[in-house]
Amino acid sequence: MEALFGGSFEPVHLGHLVVAETLADVLGVTVRFLPAREQPFKHAAHAASPEQRAEMLALAVAGNPRFRVERVELELPTPSYTVRTLRALAAREPGNRFSLLLGADAAGELSGWHEVEALPGLAELVVLARPGAAVPHHPLIGQVVEVPALDVSATLVRERARLGRSIRYLVPEAVRGYIAAHGLYR
């Protein structure tokens, strides 16, 4: 079994990586980072292209054998519906079973997801419980895993980069270099 960790990852930061490492330990799985091409619940345009976000993820996970970047959503029509992504992976990898990792905020929006009732047939839903964050009760949630919380967000990273402030120690060094080299978030 492998775990799918989806999101905008604009940009990937150390909080994402700490959560993924914790889940790899607890669940005993490989974690595939799944950058969304266009999320249906986020209507703001991305500053980085989907391919740039996937490249930053690849830089961030390099050297960790338990992490991979899954680019399937970059080839699918928009918006990036999870059910469509899971079906594409099932067609490509018949017999492989996935855990779908969701933050508590995303799990709270499950009732509004496209074809949400089809999800349990495609993946086990695992919710990430951070200290102080309420985990919603939903019949489709199969497991809850406690993960550490780091006070870092992609919004914070983008804002600091926009202001020309340091993002060192908030993102992996290779991602920091990529952001600088491509002039992202300025």
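I started with Glu 70: its relative accessibility is 4%, so I put it down as buried, the cut-off being under 20%. This is a predicted model, so I take every value here as computed from that prediction.

Which residue does the Glu 70 side chain meet in a salt bridge? I found Arg 92, at 2.6 Å from N to O. Glu 70 sits in the loop between β3 and α3 (82–92) and Arg 92 in helix α3, so this bridge ties together parts that are 22 residues apart in sequence. Arg 92 is partly exposed, with a relative accessible area of 43%.

Arg 92 also has a salt bridge to Glu 93, 2.8 Å from N to O. I checked Glu 93 as well: at 16% relative accessibility it counts as buried. Through shared partners, Glu 2, Arg 32, Arg 68, Glu 70, Arg 92 and Glu 93 are joined into one salt-bridge network.

Next I looked at Arg 32 and Glu 2. Their closest N and O atoms are 2.3 Å apart, and the two form a salt bridge. Arg 32 is in strand β2 and Glu 2 in strand β1, 30 residues apart. Buried or exposed, these two? Both are buried. My salt-bridge tally for the model ends at twelve.

On to the rings. I have four aromatic pairs. Phe 5 and Phe 33 make a tilted one, with 5.5 Å between centres and 40 degrees between planes. Phe 5 belongs to strand β1 (residues 2–7) and Phe 33 to strand β2 (residues 30–35), 28 residues apart. Both are buried. Relative accessible area is 3% for Phe 9 and 0% for Phe 33. Phe 5, Phe 9, Phe 33 and Phe 67 form one aromatic cluster.

Last, the packing. The largest nonpolar core has 37 residues, and those touching the most other members are Phe 5, Val 12, Val 31, Phe 33, Met 56 and Leu 101. Among the elements that each supply at least two residues are β1, α1, β2 and α2 (50–61). I listed the contacts of Val 31 beyond four places in sequence, and they include Ala 3, Phe 5, Phe 67 and Leu 101. Apart from this core lies another, of 21 residues, with Val 83 and Leu 119 among them.

Methods: Residues numbered from 1 in each chain as written. Predicted model: local features only at pLDDT ≥ 70, side-chain atom pairs only at ≥ 80, totals over all residues. Heavy atoms only, no water. Phe/Tyr/Trp six-rings, centres within 6.5 Å; stacked < 30°, edge-to-face > 60°. Helix = DSSP H or I, 4+ residues; strand = E, 2+ residues; numbered from the N terminus. Buried < 20%, exposed > 50% of the residue type's maximum accessible area, 1.4 Å probe, protein only. Core = buried A, V, L, I, M, F, W, Y, C linked by side-chain atoms within 4.5 Å. Contact = heavy atoms within 4.5 Å. Salt bridge = Lys/Arg side-chain N within 4 Å of Asp/Glu carboxyl O.
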